[in-house]
Structures are given as C-alpha cells and as structure tokens.
Amino acid sequence: MVYVIKCDSCGFILYRGEEPKTVEAVLKMWGGTCPKCMSPLERRPIKIAIGLIGRRRGAPA
Ligand SMILES: [Zn+2]
C-alpha cells in the first residue's frame, strides 16, 4: 500500500511512500509551504490518496 499526500492546489506530491505519515510531519518536511506553488499548506486540506499508485511487486501480504 502506498500513501500519497498531494498539494490541494497544484497536485504536487509532497510525500509518497509505503509508510503512513501524519499530515503534520509532511508539512514540516516542506516548511509548511508547497515548494511548487508556494501555497500555505497548513491552511489547506491536503488530499491523501492511499493505494492509488499501486505497483504490485509480487510480494505476498
Ligand atoms: Zn502546490
């Protein structure tokens, strides 16, 4: 399962990985601002897509 957190304004992928991260942790990674569109992330809801980017590696769960 892959967790994807995107900027709600431009769709920039702020985080993508198999480990779930809190929104706050991701915001701190980028200093609370989207590096692409410079939107203040803290004031916007961030879309969190889980498992949308599914690349099956053949690993049994
Ligand atoms: Zn953005």
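This is a predicted model: local features need pLDDT of at least 70, side-chain atom pairs count only at pLDDT 80 or more; totals for chains, interfaces and linings use all residues.

User: Which rings are in the pair, and how are they arranged?

Analyst: Phenylalanine 12 and tryptophan 30. Their ring centres are 5.6 Å apart and their planes sit at 85 degrees, so the pair is edge-to-face.

User: Where do phenylalanine 12 and tryptophan 30 lie?

Analyst: Phenylalanine 12 is in the loop between S1 and S2, and tryptophan 30 is in the loop between H1 and S3. So the pair ties together parts 18 residues apart in sequence.

User: How accessible is phenylalanine 12?

Analyst: Phenylalanine 12 is partly exposed, at 25% relative accessible area. Tryptophan 30 is partly exposed too, at 31%.

User: Switching to the metal. What are the protein donors of the zinc ion?

Analyst: The SG atoms of Cys7, Cys10, Cys34 and Cys37, lying 2.2 to 2.3 Å from the zinc ion. The donor spacing in sequence is C-x2-C-x23-C-x2-C.

User: Which parts do cysteine 10 and cysteine 37 tie together?

Analyst: Cysteine 10 is in the loop between strand S1 (3–6) and strand S2 (13–17). Cysteine 37 is in the loop between helix H1 (23–29) and strand S3 (47–50). So that pair links parts 27 residues apart in sequence.

User: Why is the arrangement tetrahedral?

Analyst: Because the four donor atoms subtend angles of 107 to 112 degrees around the zinc ion.

User: Is cysteine 34 buried or exposed?

Analyst: Buried, with a relative accessible area of 0%. Cysteine 10 is partly exposed at 32%, and cysteine 37 is partly exposed at 28%.

How values were computed. Residues are numbered from 1 along each chain as its sequence is written. Side-chain values use heavy atoms; hydrogens and water are left out. Donors are N, O and S atoms within 2.8 Å of the metal (3.2 Å for Na, K and Ca); water is not among the atoms, so sites may look incomplete. Four donors count as tetrahedral if all angles lie between 85 and 135 degrees; four count as square planar and six as octahedral if opposite donors are over 155 degrees apart and all others between 65 and 115; anything else is irregular. Helices (H or I, at least four residues) and strands (E, at least two) are DSSP runs, numbered from the N terminus. Buried means under 20% relative accessible area, exposed over 50%, partly exposed in between (1.4 Å probe, protein chains only). Rings of Phe, Tyr and Trp (its six-membered ring) pair if their centres lie within 6.5 Å; planes under 30 degrees apart count as stacked, over 60 as edge-to-face and the rest as tilted.
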